[in-house]
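Q: Could you walk me through the labels on this one, and say what each of them rests on?

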Amino acid sequence: MDRRPREMSERFQLLGVTILYGLGLAPLISALHGQVGLFIAGLFCLHLAAIRWPRLRPGTFVLALLTIAGGANVLDSYHSVVGQSPGTALLVTMLALKLLEARAPRDLRVLLLLFGFLLVVQFLFNESALLAAYLTALLVVDLALLLDMTIGAGRRTLRERVSVAATLAGRTVLMAAPLALLLFFFFPRLDAPLWDLGLESEQAVSGLKNWLEPGSIEELVVSGEDALRVRFDREPGIPTEAMYWRGPVLWHTDGKRWLPASRYAFPDAAPQIEPTGPDLGYLVAMEPTDQHWLIALDLPTDYPDDAVLTPDFQVLSQKPVDDFRVYRMTSAPSYRTTGLSLDEETAALALPDNVTPRMRELVGRWTVDDPPAQEVVERALRHFNREPFRYTLLPPKLGENMADSFLFETRSGFCEHYASTFALLMRIAGVPSRIVLGYLGGEYNPLSRDYVVRQSDAHAWTEVWIQERGWVRIDPTAAVAAERVDADSRLSSFGASRPVRFRVGADSGLGRALRGLRMGIDALEAGWKNWVIEFSDRKQQRMLDYLGLAHLRQYGLILLLAIGGSVVMLSWNLFLARPARTADPVQRAYELFSRRLSALGLGRRAAEGPLDYSNRIVAQRPDLAPHVEAIVRLYLRLRYAGEQDGGEQIRLQRLVDQFRPRRR
Amino acid sequence: MSRTGGGGVDRPAAGARATTGAPAHRRRGRVRRLIDRLASAGGPPAEASAATSARRIYILPTRSGVGYALVLLATLIGALNYQNNLALFLSFLMISASLVSMHQCWFALLGLRLEARDGVPVFPGQTARFPLVITDDKGQARYGLCIEDTPTPPPAAPVLAAKGHLDVDVGRVAERRGRLALGAVTLATRYPFGLFRAWTRVPLRAAVDVYPKPAARAPVPPALPAFVHHGSGDMGTGADDFVGLRPYREGDSPRQLDWKALARERGLVVKQFGGDQAARVWIDWDHTSGSDESRLGIMARQVLDAEEQNLTFGLRLPGVEIEHGRGDGHKHRCLSAMARYRIDG
């Protein structure tokens, strides 16, 4: 590599590229394996030191050693070099090595071009809007450095270089934005990956479990994360307090933990759902759960093609939901069901072996006159309402026999306690029962017109079998008297841990403001998720549908892309080719004057002076003589006689403005 | 970038430097040469001043551009495959920025006016420098403009301000005696990101005289027997004998400055020379023999020698006669006459 003296002046560019890479590497370090992150940080520090003390710059041999070490480090951390994380780790290690090696301007240019990789791989680990904004800013810096390198330093000061490069690169990116958006929305997407590089989701997914035991919902209730976003086709017509989002159904209990039935546990089951009201269609965007179920409004009647409806009305997809997923559902909010097979009934009546005598005695009081099942349910609910049961998110510690101590000692708890105890009591009374896990309610966002269901809305309720009506949803938590809802939870009515049933209205002004803010952020997040993260080939098709081009399929996209791209680029070309606006108002008026005349075929010839021009016009169109002569005289005076009178300028402008020669 | 003055003409170092830099355009790719060849057929006649024309601005990706295209293709395929919309958007943004930069690159050459002037005469083997003024007609600042087909392209690209003008030099290696025409000038730019190179060839009318290549040595021309004495002498404008000192006036040759006086802080003082005792010679075509070019070479050497020895000399070519004279101007007048001698044949 030849080293010319001017390369020494490129120190600024070397520093610029170094800072750019530092900023670009920073968000990635934490996403990679600690060992790889450390290695890259080490390389970066060595590079920084080598800028300050050039003797520290490693030679070819050391670089080769470092390259081998970097590869081995990745292999040691991930036991692989293919796949999302190991591949990224290898790429980033190699980029850091290239940075360390950079000497000549050519190396810097290569680094700036390769920076595109560093920008794009980040989104495999984080898809936040903030990161997107940050990386777009880095792209501008990248292009600015490239521009500075291309146009050369010249004799400009550092400050001039920075401002010119930043302005021009920023302008280019702004000009690129419309085309990029167009490409984003209309560029045909792949509906299946070309190859599988091992898309992995390493993060633990928070969400519902498919079992219930004390504490399993509690951890969700303190989580403010979103679980679902729902958009109804029409006004749902049911209050949010009645929106029961159905998840796993639990049948078996050992007295402590409730578990679901196996999918093929009830081969004879043939339940039927008979809607008793209008259907409700809606779109659900569900966060990944790593589980099979697709959350649906009670009770689902129509569901995606790749899913099945189990006999206990769960919608299970074929593959676990390991990525953000959007699906369509139809539900019947009011319904009755029929068909209870014998093995279902047996399972729904099975009792654990820790039922205590006082529990049997309590149930015995309700069943003494052998009332219908409906009556038993109502008596039990009345018990929860009249006795001093409290709703609290901070229940006291329960004894070994959870149901017993909850019923007779602590009488404090939340949905998981109420649901599991109620289901048990019903079974003792001979009423088939099961527990349903899911979410209750949701927050309507008027900005995005979505319902947001959060993890904190997780809920557990029961279903009991009543002849003639089938499985009936009973929510024993709702039976607790409102005045016994724990005041503690009221304090945190903004946070995640508010009790669903007893949502306290935002009564203070601050509360309303905070609520509005949160709604706004929610709407933004929903838009981000809906239009950016989750934009897919299906949404493209829907967009085409909206434009009436659905029948063109992918060709429609290409057509729109071609048309839109041409329009955008043509307008930029017109913008770039725009004639310079004459700064001098006198000259501008004179140009307008000759433009008006040239529309009549009396255009000013090149290098024709004002007087010659005026004489020629008057010779051809004597009728225009007074106007033309007045204008030209005034122009000459302003232009050449050093007249500086602002009033005269305005007079010229007005004369030209009023000069509208007609064709003869 | 400095314009070489007339003094550089007879310094052999200038010529030696020129030969080291191979013309940049010879190294360029086949496609570009093809385009240039196609473009050079037809086209406007050369004028002293010409504007860049939209129909004659060409653009091709550079090596950086092709490399970046590969990077972007990789990110695009990766983003499509991983169905990662943000990665896809950033790829699209980079692609769009490159496309926009292509248009910016092309438009960076539009609306420029080039004006060339005749350069200072040179000897064969030296580089003739044509002063060129690039003016922006469009009210748009231009960065990274580059005159490429010059033996030593300037290292730092100058900035052309909006509505401003830029003075540059175009070099052409003079190969043989005669009039060296500037021909077309290749104006190029890689603005803004170096991903594309746009160029245009603007035909410009400007020329320099290329003097005959002086022979290595030449016979001393016979001195004239008649010596005409001018009674008054030439009052200190000659260069022969020291006459006295006078204060510096603008335009005085630095050779005549009394540097020692300057060092003694007596200000700028010029040494005056006088004397008309110089010998008068004719440098005559008829006194030489050989081919036309070798005759001219010998005569050129005689002219240089005569000027060196401060002789008063005249020049005789078939059909041309230059009266006796002396000094730098006279020398160039004679050399120019030889440069233009029978060049159309």
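This is a predicted model: local features need pLDDT of at least 70, side-chain atom pairs count only at pLDDT 80 or more; totals for chains, interfaces and linings use all residues.

Q: Why is B:H103 called buried?
A: Buried means under 20% relative accessible area, exposed over 50%, and partly exposed in between (1.4 Å probe, protein chains only). B:H103 has 17% relative accessibility, so it counts as buried. B:H103 is found in helix α4 (residues 85–107) of chain B.

Q: And what makes A:L23 partly exposed?
A: Its value is 38% relative accessibility, so A:L23 falls in the partly exposed class. A:L23 is found in helix α1 of chain A.

Q: Which residues does B:H103 contact, neighbours within four places in sequence aside?
A: Those are A:M569, A:N573 and A:L576, with contact meaning heavy atoms within 4.5 Å.

Q: What makes the pairing of B:H103 and A:N573 a polar contact?
A: The rule wants a pair of N or O atoms within 3.5 Å; within protein, one must be able to donate a hydrogen and the other to accept it, and residues adjacent in sequence count only if both atoms are side-chain atoms. The side chains of B:H103 and A:N573 are joined at 2.7 Å, so the pair meets the 3.5 Å cut-off. Across the interface of chain B and chain A, that rule finds 10 residue pairs (both at pLDDT 80 or more).

Q: Which element gives the most to the side of chain B that touches chain A?
A: That's α4(B), with 18 residues.

Q: How much area is buried between chain B and chain A?
A: About 4800 Å², with carbon and sulfur atoms giving 74% of that. Buried area is the accessible area (1.4 Å probe) that two parts lose on being put together, summed over both. In chain B, the residues losing the most area to chain A are B:Y82, B:L86 and B:F193, together 16% of what that side buries. The contact takes 47 residues from chain B and 61 residues from chain A.

Technical notes:
Residues are numbered from 1 along each chain as its sequence is written. Chains are lettered from A and ligands numbered from 1 in the order in which they are written. Side-chain values use heavy atoms; hydrogens and water are left out. Helices (H or I, at least four residues) and strands (E, at least two) are DSSP runs, numbered from the N terminus.
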